[in-house]
Amino acid sequence: MSHSMFDLFKIGVGPSSSHTVGPMVASARFAAELREKALLHGVESVKCELYGSLALTGKGHATDVACVMGLMGEWPDSINPDDIPTMSAMVQGSKELPLDGHRFIPFDWEKDVVFHFELVLPEHPNGMTLTAFGTDGDSLFSRTYFSVGGGFVVEKGETDALASDFTPPFPFNSAAVLLAHCKNENKTISELMFINELARAKHHDKQATKKSIDDNVDAIWHVMAECIARGIEQDGVLPGGLSLKRRAKKLHDCIKRKDSDGLPVDSNDWVNMFAMAVNEENAAGGRVVTAPTNGAAGVIPAVLAYYDKFVAPNNAEGIRIFLATAAAIGSLYKTNASISAAEVGCQGEIGVACSMAAAGLAAAMGATPAQIENAAEIGMEHNLGLTCDPINGLVQVPCIERNTMGAVKAINATRLALNGDGEHHVSLDSVIKTMHETGLDMMSKYKETSQGGLATNAIPINVVAC
């Protein structure tokens, strides 16, 4: 299926789309369903059980915090990140939780959030079960959810997190079909995406207009730009115990000094700073855009900021073209592979973001659909096999630097594609299939479990990583 661009780009909070945003969404859905089923007033306690990767790296990703916030009726796109510490302290101190923001029930954080470190649900590595109990201790209501990457949540028994009765005017589930639509309709990828997006919006609201779509896209870029701006103003140490110092502000200060002294500044310095600013904010639990995940949230903003500064400043339409095209490419990965590092490794996050950013930049610079497909293919081809092994389960090492590398690779992929005529030996569809197969073959200890690869070699194996 072809997904909405607003499914691929969602406003949320750090540090992880699959381990923070997804669990918060699942928990908020659970609380809302209790209210809708008129069960809320009969609930005396709730339990949240985390399995697989959600358990193994849950503490580092603030999964428990996200679940509690969701049970309180908070959603990732509207919660104020600055309020989360105060709200968490209130629940821990009072041992009470305002379920769905209304009914206060007893809640012991240490007992009612359970980390099943040795258990993995068969459907997906990121599983969680929420259960509400009545006065007699019997289960009133229970749901099992899977956080499948990028903030997408699937309830047990669902086949697709975004299943609906809507069919867009130009459906596509492969790059070949997408390029065929472009050729047959004599339209660009972004034009097709906006046609689909408007039709989807009108399916839900007949008053929807192209301007409302544009406004929503502009809002996505605004949040990305604000995240960069915040990131280059902050210094100090990131939370989590690694004592990792923020570097974006130092990079920014260095660039400013060079500018004031009349010294040349490489554009890569700017790109590194942009990406690092976003992912330091993400690591600190700040407001970010999943693009398509939080772990890779810095790649697309960094390449967009590069476009805005060095290619076409203040070009709002170019930014919309970029994001619409990037979303089309991201949709192909979401449909035919995965954007979950717990499922396919970091190639599903940084690799996909690099591919999306390369396609978006190429489109904004006037590339043909064939050149855009080539840019996307190059972006992923050179991220194949990338593992996900964050130290201590934190989205910090190697994640922050990895975003800078993904952004630089995306820009170079665009340059290579624009220097060609669109013809290339390996198709994007083939690369997506290869990425998926590589992820399935990858040993589970290299998929966000904190028990293999860099994480193991950086920290003694007998040290509990969660």
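Strand 6 and strand 7 (residues 139-149) run antiparallel and are joined by 7 bridges, where strands are DSSP runs of E of at least two residues, helices are DSSP runs of H or I of at least four residues, and both are numbered from the N terminus. Two strands are taken to pair if DSSP finds at least two bridges between them. The model is predicted, so that local features need pLDDT of at least 70 and side-chain atom pairs count only at pLDDT 80 or more, while totals for chains, interfaces and linings use all residues. Residues are numbered from 1 along each chain as its sequence is written, and side-chain values use heavy atoms, with hydrogens and water left out.

Within this pairing, T131 stands opposite S142 of strand 7. The two strands form a hairpin with 5 residues between them, and G137 in the turn adopts a positive phi of about 85°. Strand 6 (residues 126-133) is also joined to strand 2 (residues 45-52) by 8 bridges, again in antiparallel orientation. In that pairing, T129 of strand 6 is the bridge partner of E49. Strand 6 is mostly covered, with 7 of its 8 residues buried (buried, under 20% relative accessible area; exposed, over 50%; partly exposed in between; 1.4 Å probe, protein chains only).

The loop between helix 3 (53-56) and helix 4 (63-71) contains H61. This residue counts as buried because its relative accessibility is 1%. When residues up to four places away in sequence are not counted, H61 touches P15, S16, H19, T20, G393, V395 and E448, a contact being defined by heavy atoms within 4.5 Å.

For the protein chain as a whole, the secondary structure comprises 19 helices and 9 strands. The C-alpha trace spans about 70 × 55 × 40 Å along its principal axes. Of the 466 residues, 56% count as buried. Among contacts with a separation of 6 or more, 75% involve residues 24 or more positions apart.

The protein chain exposes about 18600 Å², of which carbon and sulfur atoms supply 52%; accessible areas come from the Shrake-Rupley method with a 1.4 Å probe, and for residues only the protein chains shown count as cover.
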